[in-house]
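Dear colleague,

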Amino acid sequence: MIVGARRVRGVIGLTLGAPLLAIGSIASGQPAPEPAAPALVDLANPLMGTDSSFELSYGNTYPAVAVPWGMNFWTPVTGKMGNGWGYTYDAHKLNGIKQTHQPSPWMGDYAAFALFAETGSVKIKEEERASWFSHKAEESRPYSYKVYLADYDVTAEVAPTNRAAQFRFTFPATDQAHILLDAYAGGSMVKVDAANRRITGYVRNNKGGVPANFHNYFVAQFDHDFTVGRTWGDDGALNATAQREGDHVGAVISFRTKAGEQIGVKVASSFISPEQALRNLESEVGSDDFDATKAKAKQVWETEFQRIRVDDPDLDNRRTFYSALYRMLQFPRNFHEIDAQGKQVHYSPYDGKVHAGPLYTDNGFWDTWRAVFPFFALMYPERDGEIMQGLVNTYKESGWLPEWASPGHRNVMIGSNSAILIADAYVNGVRGFDVDTLYEAMVKNATTSKGRPTDAKGRTLTAVGREGVEYYNQLGYVPYDVGINENAARTLEYATADFALSRLAAQLGKTEDAARFAKQALNYRKLYDAQSGWMRGRNKDGSWSADFNPYKWGDAFTEGNALHYSWSVMQDVQGLIDLMGGDRKFVDRLDSIFTTPPVFDDSYYGEVIHEIREMQIVDMGQYAHGNQPIQHMIYLYDWAGAPWKAQRHVRDVMRKLYAPTPDGYPGDEDNGQTSAWYVFSALGFYPVTPTVGQYAIGSPLFRRVTLTMPGGRKLLVEAENNGADNVYIQSATLNGKPWNKPWLPREELQKGGTLRFVMGPTPNKSWGAAKADAPFSMSKSR
């Protein structure tokens, strides 16, 4: 049980109590029972990453109470309504527990509403009703949340299902016990139905990406009769009106309670209709009591966690691992519901209609294509296939693939990364989706920028499709001087997407397309400046951008500088090695990232953005692990004959930048990507190059991990002599045979078996260093 984030309650008591149990067992003639193994899910800390702010991110997370990939999450609220930082660890007061769909503070929330409990006189406004609370009286788990509201002597609890939840409020003896439902600003309606012990209504709050008819309909079913039921309107005045509609409305119901009396509320919502909201409540909660819902949610998580069983004496590392796994299995959330016939249906945030089939949302592919989706392809191919079919539906309903959906298209980040995760899924064996339609959509992205979606003001969403694709297809790069920002980053990302497209085209028998996109995948070469040794923006006439500063963040790059983005050639690392002058110079250049002081130029932004600060303060030179573009860089040593350096740096990053604490991430967690880096790296390997089914080897963190692969096959990963000092691979075997390559094939991992490493305190510089054994590159080694 996680209390706050830093201690496990009862550990001392359990330790002291064990001998007494043994004595009692001996006296009775019975052997002492083995202590029950703790549930793996209880090692996860939802508060990891919550000690964050606009200026500095240690995760920018909130304690999500949810089931994996759930449509609705719930979270305690310490911040103001509409603020992206809804829960921060350093806050002292809590004003609600809200239904949330927020993927990150930078995207904001939508379809949110909150419940809260009070005693005494009713307080409506957030800042007035907020109660003091303590992390010492807070229990945060993936499957439940419990907190003591000190100002009211009330304990509030919530436990989730996919589209519903149960609340339980424990009150003192009082004639003035209240439960508030705050429908939040942005368009809302509430209706109090005392006869049926029910509050119904809808909320419309959002930050964009929704059609004009967007609603989230909710139903809250209480297990006690109301003494009083009241509502408030936009003016905040509370009266006995049963129904209110406006910008910001809410409801309060009141009770007389005995000491310790518990009032339960079953809540569900739907993006389709009020009737569907009630259907979701009946099908997912039904007659279950609070404890039953909590137990079911716990079992859902435990089932997923049991697929990766870690056996290692380092408890903090195990806590960090399962906390990261918890984050990685949240997004993208399913947006579909189950109709009266038991079929998947969804309200489309693209065309505002209800359609058959699955839909997933709340994901930024700029982040998650790198490791989250490769993990799904490896471990969850059926789920991945359903997510891909959801992308088919997005394309049919909007005419374009999403790049950042929340819940519909949003104008955030760059790239054409949907192509990468689609191709990676199909080429690595994921099925169950209409790949031909997705291929059509991918080619459209790579061909034209015309007709892209627009926002409410008629402005083109430049984050959808490929901004500057006509320039890219004509010149081989997006020019620096044509008014398209972050142009070098776009070029590098389009080239990687073209590689993925070429691989899928070849798989589908489209040989001409495969050749065309493979050629375009080498466009990264056009941005390499041999004089500086870095990637650089290039003008339309072929000249280099003026006043180049490799330490300048932004400008030609996205949330990084040339030192970060110059490694974004996942499809052809050997080609990059050749450009940089061979293995030795390449390794020296990799080393320099860690040894160059964290100087920076923030003139493009006009301020020190949090990503810059997160690089600056961790004493790792220019290595900016808190943002995604460089997270794969450490593994590139595997291509250049120095895998031992990858082993050292991977362990250093895991040790230094991750912990199961509120400040436990190195930057934005970002929909599971920063967590996925840790999960893969702790297992000992990482997916650098998309679609090829190879994982670059780093340094396994644990002594023993058992993975249940698709189909039930077991993969055992062992690391003999592993420990904090023994980070270097001395030798390896795969199913009893020597393994000397610094990469692992997907097919062999999914077959199951035993992967065994022998670890030591000093590098074995010959293991995995043979050039012929390097991982895949488009260019062959020279």
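Helices (H or I, at least four residues) and strands (E, at least two) are DSSP runs, numbered from the N terminus, and the expected span of a helix is 1.5 Å times one less than its number of residues. This is a predicted model, in which local features need pLDDT of at least 70 and side-chain atom pairs count only at pLDDT 80 or more, while totals for chains, interfaces and linings use all residues. Residues are numbered from 1 along each chain as its sequence is written, and side-chain values use heavy atoms, with hydrogens and water left out.

Helix H5 (residues 315-328) has 14 residues and spans 20 Å from its first C-alpha to its last, close to the 20 Å expected. Because 12 of its 14 residues are buried (under 20% relative accessible area, with exposed over 50% and partly exposed in between, for a 1.4 Å probe and protein chains only), H5 is largely enclosed by the rest of the structure.

Across the whole structure, a search finds 45 aromatic pairs (rings of Phe, Tyr and Trp, the last by its six-membered ring, with centres within 6.5 Å; planes under 30 degrees apart count as stacked, over 60 as edge-to-face and the rest as tilted). Among them, Tyr202 and Tyr217 are edge-to-face, at 6.2 Å centre to centre and 75° between the planes; the pair links strand S13 (residues 198-203) to strand S14 (residues 216-222), 15 residues apart. Tyr202 is buried at 11% relative accessibility, and Tyr217 is buried at 17%.

Kind regards
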